Amino acid sequence: RKCSSYIGIACLLLYSAVTGFTVSVLRAGAMVGAVLVARFFDRDADSINSIGLAVVCILLFNPFAPYSAALWLSVLSTLGILAYSGKITQWISEKFRNTRVFNSSLYHLVVNSFSISFSTAVFTLPVFIFKLKMVSVVTVFTNFIMVDLSLVMMVSTVLGVISHMIFLRPFAKLFFFISGAL
(Lines give C-alpha, C1' and ligand atoms only; values in the text may rest on other atoms or scores of the structure.)
Protein backbone atom coordinates (compact mmCIF):
# COMPACT_ATOMS: atom_id res chain seq x y z
CA ARG A 1 0.00 0.00 0.00
CA LYS A 2 2.75 2.43 0.90
CA CYS A 3 4.73 1.75 -2.27
CA SER A 4 1.62 2.25 -4.43
CA SER A 5 0.92 5.51 -2.59
CA TYR A 6 4.42 6.77 -3.43
CA ILE A 7 3.99 5.81 -7.07
CA GLY A 8 0.53 7.38 -7.18
CA ILE A 9 1.75 10.66 -5.71
CA ALA A 10 4.66 10.74 -8.17
CA CYS A 11 2.25 10.14 -11.06
CA LEU A 12 -0.06 12.89 -9.76
CA LEU A 13 2.80 15.37 -9.63
CA LEU A 14 3.96 14.42 -13.11
CA TYR A 15 0.45 14.66 -14.56
CA SER A 16 -0.13 18.02 -12.86
CA ALA A 17 3.12 19.35 -14.27
CA VAL A 18 2.36 18.08 -17.78
CA THR A 19 -1.06 19.75 -17.74
CA GLY A 20 0.34 23.04 -16.50
CA PHE A 21 -0.99 22.93 -12.93
CA THR A 22 -4.45 24.12 -13.96
CA VAL A 23 -6.93 24.73 -11.16
CA SER A 24 -9.13 21.75 -11.97
CA VAL A 25 -6.13 19.42 -12.16
CA LEU A 26 -4.79 20.78 -8.86
CA ARG A 27 -8.20 20.21 -7.25
CA ALA A 28 -8.46 16.65 -8.51
CA GLY A 29 -4.80 15.95 -7.74
CA ALA A 30 -5.07 17.28 -4.20
CA MET A 31 -8.19 15.19 -3.58
CA VAL A 32 -6.56 12.02 -4.88
CA GLY A 33 -3.35 12.95 -3.07
CA ALA A 34 -5.27 13.20 0.20
CA VAL A 35 -6.63 9.69 -0.33
CA LEU A 36 -3.14 8.36 -1.14
CA VAL A 37 -1.56 10.04 1.88
CA ALA A 38 -4.36 8.70 4.08
CA ARG A 39 -3.68 5.20 2.74
CA PHE A 40 0.01 5.70 3.47
CA PHE A 41 -0.82 6.30 7.13
CA ASP A 42 -3.50 3.55 7.21
CA ARG A 43 -6.31 6.08 7.60
CA ASP A 44 -9.60 6.55 5.80
CA ALA A 45 -10.10 9.66 3.67
CA ASP A 46 -13.45 11.22 3.06
CA SER A 47 -14.40 13.21 0.00
CA ILE A 48 -15.66 16.39 1.67
CA ASN A 49 -12.49 16.79 3.73
CA SER A 50 -10.43 16.00 0.64
CA ILE A 51 -12.09 18.79 -1.33
CA GLY A 52 -11.49 21.19 1.56
CA LEU A 53 -7.83 20.22 1.63
CA ALA A 54 -7.71 20.63 -2.16
CA VAL A 55 -9.02 24.20 -1.91
CA VAL A 56 -6.44 25.04 0.77
CA CYS A 57 -3.65 23.60 -1.40
CA ILE A 58 -4.85 25.56 -4.42
CA LEU A 59 -4.96 28.78 -2.42
CA LEU A 60 -1.44 28.15 -1.12
CA PHE A 61 -0.22 27.49 -4.65
CA ASN A 62 -2.19 30.36 -6.23
CA PRO A 63 -3.72 32.97 -3.90
CA PHE A 64 -5.50 34.59 -6.87
CA ALA A 65 -7.41 31.41 -7.73
CA PRO A 66 -10.71 32.58 -6.12
CA TYR A 67 -10.94 35.23 -8.84
CA SER A 68 -11.05 32.50 -11.47
CA ALA A 69 -14.30 30.90 -12.53
CA ALA A 70 -12.32 27.68 -13.09
CA LEU A 71 -11.82 27.17 -9.35
CA TRP A 72 -15.47 27.77 -8.56
CA LEU A 73 -16.70 25.55 -11.39
CA SER A 74 -14.34 22.72 -10.45
CA VAL A 75 -15.08 22.81 -6.73
CA LEU A 76 -18.83 23.35 -7.02
CA SER A 77 -19.31 20.66 -9.64
CA THR A 78 -17.39 18.19 -7.47
CA LEU A 79 -19.42 19.21 -4.40
CA GLY A 80 -22.63 18.77 -6.38
CA ILE A 81 -21.63 15.28 -7.42
CA LEU A 82 -20.56 14.34 -3.89
CA ALA A 83 -23.57 15.86 -2.16
CA TYR A 84 -26.51 15.09 -4.44
CA SER A 85 -25.68 12.70 -7.26
CA GLY A 86 -26.21 9.62 -5.10
CA LYS A 87 -29.43 11.04 -3.64
CA ILE A 88 -30.83 11.80 -7.10
CA THR A 89 -29.92 8.29 -8.28
CA GLN A 90 -31.59 6.80 -5.22
CA TRP A 91 -34.74 8.92 -5.69
CA ILE A 92 -35.07 7.89 -9.36
CA SER A 93 -34.35 4.25 -8.52
CA GLU A 94 -37.15 4.22 -5.95
CA LYS A 95 -39.59 5.26 -8.69
CA PHE A 96 -38.47 2.46 -11.05
CA ARG A 97 -37.53 -0.29 -8.59
CA ASN A 98 -40.43 -2.61 -9.45
CA THR A 99 -40.12 -2.30 -13.22
CA ARG A 100 -38.40 -4.58 -15.72
CA VAL A 101 -36.07 -1.81 -16.84
CA PHE A 102 -34.58 -1.41 -13.34
CA ASN A 103 -32.23 -4.38 -13.66
CA SER A 104 -30.74 -3.36 -17.00
CA SER A 105 -27.23 -1.96 -17.22
CA LEU A 106 -28.41 0.73 -19.64
CA TYR A 107 -30.92 1.98 -17.07
CA HIS A 108 -28.21 2.38 -14.42
CA LEU A 109 -25.87 4.06 -16.92
CA VAL A 110 -28.55 6.57 -17.90
CA VAL A 111 -29.65 7.28 -14.33
CA ASN A 112 -26.08 7.72 -13.05
CA SER A 113 -25.15 9.96 -15.99
CA PHE A 114 -28.26 12.07 -15.49
CA SER A 115 -27.76 12.44 -11.74
CA ILE A 116 -24.13 13.50 -12.21
CA SER A 117 -25.08 15.97 -14.93
CA PHE A 118 -28.02 17.43 -13.03
CA SER A 119 -26.19 17.84 -9.71
CA THR A 120 -23.25 19.46 -11.48
CA ALA A 121 -25.51 21.87 -13.37
CA VAL A 122 -27.42 22.89 -10.25
CA PHE A 123 -24.32 23.53 -8.18
CA THR A 124 -22.48 25.48 -10.89
CA LEU A 125 -25.52 27.58 -11.87
CA PRO A 126 -24.58 30.48 -9.51
CA VAL A 127 -21.15 30.77 -11.14
CA PHE A 128 -22.68 30.94 -14.60
CA ILE A 129 -25.17 33.57 -13.49
CA PHE A 130 -22.95 35.85 -11.40
CA LYS A 131 -19.46 35.31 -12.81
CA LEU A 132 -20.04 34.50 -16.47
CA LYS A 133 -23.36 36.37 -16.86
CA MET A 134 -25.00 33.61 -18.87
CA VAL A 135 -27.08 30.48 -18.43
CA SER A 136 -27.33 27.61 -20.86
CA VAL A 137 -30.68 25.91 -21.14
CA VAL A 138 -29.13 22.75 -22.59
CA THR A 139 -26.43 22.24 -19.94
CA VAL A 140 -28.01 19.21 -18.30
CA PHE A 141 -28.64 17.56 -21.67
CA THR A 142 -25.16 18.19 -23.07
CA ASN A 143 -23.44 17.15 -19.84
CA PHE A 144 -25.60 14.02 -19.79
CA ILE A 145 -24.34 13.09 -23.25
CA MET A 146 -20.72 14.08 -22.60
CA VAL A 147 -20.32 12.12 -19.35
CA ASP A 148 -20.35 8.84 -21.25
CA LEU A 149 -18.83 10.10 -24.50
CA SER A 150 -15.84 11.51 -22.66
CA LEU A 151 -15.21 8.11 -21.09
CA VAL A 152 -15.24 6.47 -24.53
CA MET A 153 -12.98 9.23 -25.85
CA MET A 154 -10.44 8.79 -23.03
CA VAL A 155 -10.33 5.01 -23.41
CA SER A 156 -9.99 5.35 -27.18
CA THR A 157 -7.13 7.83 -26.77
CA VAL A 158 -5.27 5.56 -24.34
CA LEU A 159 -5.74 2.59 -26.67
CA GLY A 160 -4.50 4.74 -29.56
CA VAL A 161 -1.35 5.72 -27.68
CA ILE A 162 -0.67 2.12 -26.66
CA SER A 163 -1.28 0.90 -30.22
CA HIS A 164 1.05 3.56 -31.56
CA MET A 165 3.75 2.61 -29.05
CA ILE A 166 3.67 -1.08 -29.99
CA PHE A 167 3.71 -0.27 -33.71
CA LEU A 168 0.10 -1.16 -34.50
CA ARG A 169 -0.37 2.05 -36.48
CA PRO A 170 -3.64 1.10 -38.26
CA PHE A 171 -5.31 0.46 -34.89
CA ALA A 172 -3.80 3.65 -33.49
CA LYS A 173 -5.26 5.64 -36.39
CA LEU A 174 -8.66 4.07 -35.80
CA PHE A 175 -8.61 4.86 -32.08
CA PHE A 176 -7.42 8.41 -32.68
CA PHE A 177 -10.15 8.88 -35.31
CA ILE A 178 -12.78 7.77 -32.77
CA SER A 179 -11.39 10.18 -30.17
CA GLY A 180 -11.26 13.02 -32.68
CA ALA A 181 -14.76 12.36 -33.94
CA LEU A 182 -16.19 12.39 -30.43
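**Pockets, patch and fold**

Reader: Which helix gives the most to the lining of the largest pocket?
Author: α6 gives the most, with seven residues. A pocket here is an open set of points on a 1 Å grid over the protein atoms alone, where a 1.4 Å probe fits, with protein on both sides within 12 Å along at least five of seven lines; lining residues have an atom within 4 Å of a point. Helices are DSSP runs of H or I, at least four residues, numbered from the N terminus, and strands are runs of E, at least two.

Reader: Before we go on, what sort of model is this?
Author: This is a predicted model, in which local features need pLDDT of at least 70 and side-chain atom pairs count only at pLDDT 80 or more, while totals for chains, interfaces and linings use all residues. Residues are numbered from 1 along each chain as its sequence is written, and side-chain values use heavy atoms, with hydrogens and water left out.

Reader: How many residues line the largest pocket, and which lie nearest its centre?
Author: The lining has 18 residues, and Ser77, Ile81, Ile116, Thr120 and Val147 are the ones nearest the centre.

Reader: What is the volume?
Author: The largest pocket comes to about 470 Å³. That is the space filled by probe spheres set on the grid points, which are joined across faces, edges and corners.

Reader: And what is that lining by class?
Author: Nine nonpolar residues, eight polar and one charged. Asp, Glu, Lys and Arg count as charged, Ala, Val, Leu, Ile, Met, Phe, Trp, Tyr, Cys and Pro as nonpolar, and the others, Gly among them, as polar.

Reader: How much space lies in the second largest pocket?
Author: About 240 Å³.

Reader: Which elements give two or more residues to the lining of the second largest pocket?
Author: α1 (2–18), α2 (23–40) and α3 (47–61). The largest share comes from α2, with five residues. The lining has 14 residues, of which Leu12, Leu13, Gly29, Ala30 and Gly33 lie nearest the centre of this pocket.

Reader: How does that lining divide by class?
Author: It divides into 11 nonpolar residues, three polar and no charged.

Reader: Ala30 came up. What separates its C-alpha atom from that of Ile51?
Author: The two C-alpha atoms are 7.7 Å apart, for residues separated by 21 positions along the chain. Ile51 sits in helix α3. Ile51 counts as buried because its relative accessibility is 4%; buried means under 20%, exposed over 50%, and partly exposed in between (1.4 Å probe, protein chains only).

Reader: Now the surface. Which residues make the nonpolar patch?
Author: Val158, Val161, Ile162, Met165, Ile166, Leu168, Phe171 and Phe176 make a nonpolar surface patch of about 730 Å². Two or more of the patch residues come from each of α6 and α7 (169–181), and α6 gives the most, with four. In a patch of this kind, residues have over 30% relative accessible area and no salt bridge (a Lys or Arg side-chain nitrogen within 4 Å of an Asp or Glu carboxyl oxygen), and nonpolar side chains are joined within 5 Å. Areas come from the Shrake-Rupley method with a 1.4 Å probe.

Reader: Where is Ile166 found?
Author: In the loop between α6 and α7. Ile166 counts as exposed because its relative accessibility is 51%. Phe167 is found in that loop between α6 and α7 too, and Phe167 is exposed, at 64%.

Reader: What is phi of Phe167?
Author: Near 65°, which is a positive value in a residue other than glycine. Phe21 also has a positive phi, near 50°. Phe21 is in the loop between α1 and α2 and counts as partly exposed, at 34% relative accessibility.

Reader: Is Pro63 buried or exposed?
Author: Exposed, with a relative accessible area of 53%. Pro63 is in the loop between α3 and α4. Pro63 and Ser74 lie 16 Å apart, C-alpha to C-alpha, and 11 residues apart in sequence.

Reader: Last topic, the fold. How many helices and strands does the chain have?
Author: Seven helices and zero strands. Buried residues make up 27% of the 182 in the chain. The C-alpha atoms fill a box of roughly 45 × 45 × 40 Å along the principal axes.

Conventions
Patches are made of residues with over 30% relative accessible area and no salt bridge: like charges are joined within 9 Å, nonpolar side chains (Val, Leu, Ile, Met, Phe, Trp, Tyr) within 5 Å.
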